[in-house]
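Keep the coordinates open while reading.

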Amino acid sequence: MDTIEGLKHLHSLNWLERQAAMHPEGKRGHKAMQSRITHLRSVLPVALLSHHDRLAHQKRPSVVRISTQSCGGCHLRLPAGMLQELRLAGHYVLCPQCGIFVTLQASPAEVAELEKVPAILPTA
Ligand SMILES: [Zn+2]
C-alpha cells in the first residue's frame, strides 16, 4: 500500500468513526460501519494507525479537510507551498502546528456514501 492509499484509508476511517458515533449500537447501519472500520484498521500501515489512535485518544481526528486556507483542526493558516501541494490531486499535507493530515477532498468512504454506490473495500 503506498502512502496516498494509506492516507485515503485513514481519511475514510476518520469519517466512518464519526458516522458510527452518530449511529449508536443497535441502530441500522451500525454493524456495517463497524465491520468497515475493523477492515480498514486491519489494512492500515501500523505507523498511520498508531498516529490515528494517539490523536483519537485526545479526541482529535487524524485527517481533516482544509477550511478556506487553514488547517481544519487547529485553524493555522497553511504556508503557500503546502496549499500548492494540496491542489495536486490526491495530496495530503501534515499540519506543522497540530500534526493532523490536511486535505482538500472528502474521504473516499464519504464520497461513496454520497454517490450511493457500494463502497469498494480496500484490499490488503
Ligand atoms: Zn493544524
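Helices here are DSSP runs of H or I with at least four residues, numbered from the N terminus. Leu16 sits in one of them, helix H1. The model is predicted.

**Helix packing**

Two packed helices are described by the angle between their axes and the distance between the axes. For helix H1 (residues 3-22) and helix H2 (residues 30-43), the angle is about 150° and the axes are 10 Å apart. Angles over 145 degrees count as roughly antiparallel, and H1 and H2 are therefore roughly antiparallel to each other. Their crossing is left-handed.

The H1 side of the contact consists of His9, Ser12, Leu13, Leu16, Glu17, Gln19 and Ala20. H2 meets them with His30, Met33, Gln34, Arg36, Ile37, Leu40, Arg41 and Val43. By class, the contact of H1 with H2 holds seven nonpolar, five polar and three charged residues.

**Leu16**

Is Leu16 buried or exposed? The cut-off for buried is 20 or more other C-beta atoms within 10 Å. Leu16 has 22 C-beta neighbours inside 10 Å, so it counts as buried. Beyond four places in sequence, Leu16 is in contact with Met33, Arg36, Ile37 and Ala109.

**Nonpolar core**

In soluble globular proteins, nonpolar side chains tend to be buried together. The largest nonpolar core here has 17 residues. Leu10, Ile100, Phe101 and Val102 touch the most other members. H1, H2 and strand S3 (101-103) are the elements that give two or more residues to this core. H1 gives the most, with five residues.

Val102 has contacts beyond four places in sequence with Val64, Ile66, Cys71, Gly72, Leu78, Tyr92, Val93 and Cys95.

**Positive phi**

Most residues other than glycine have a negative phi. Which residues are listed here with a positive value? Thr68 and His75 are, and neither is a glycine. Thr68 lies in the loop between strand S1 (63-65) and helix H4 (80-87). His75 is placed in the loop between S1 and H4.

| Residue | Phi | C-beta neighbours inside 10 Å |
|---|---|---|
| Thr68 | near 55° | 8 C-beta neighbours |
| His75 | about 70° | 12 C-beta neighbours |

The cut-off for exposed is 12 or fewer. Thr68, with 8 neighbours, therefore counts as exposed. His75, with 12, counts as exposed.

Methods
Residues numbered from 1 in each chain as written. Predicted model: local features only at pLDDT ≥ 70, side-chain atom pairs only at ≥ 80, totals over all residues. Axes fitted to C-alpha atoms, helices over the stretch in contact; angles between N-to-C directions. Parallel < 35°, antiparallel > 145°, perpendicular 65-115°, else oblique. Left-handed = near helix turned anticlockwise from the far one by under 90°. Contact = placed C-beta atoms within 7 Å. Nonpolar A, V, L, I, M, F, W, Y, C, P; charged D, E, K, R; others polar. Core = buried A, V, L, I, M, F, W, Y, C linked by C-beta atoms within 7 Å.
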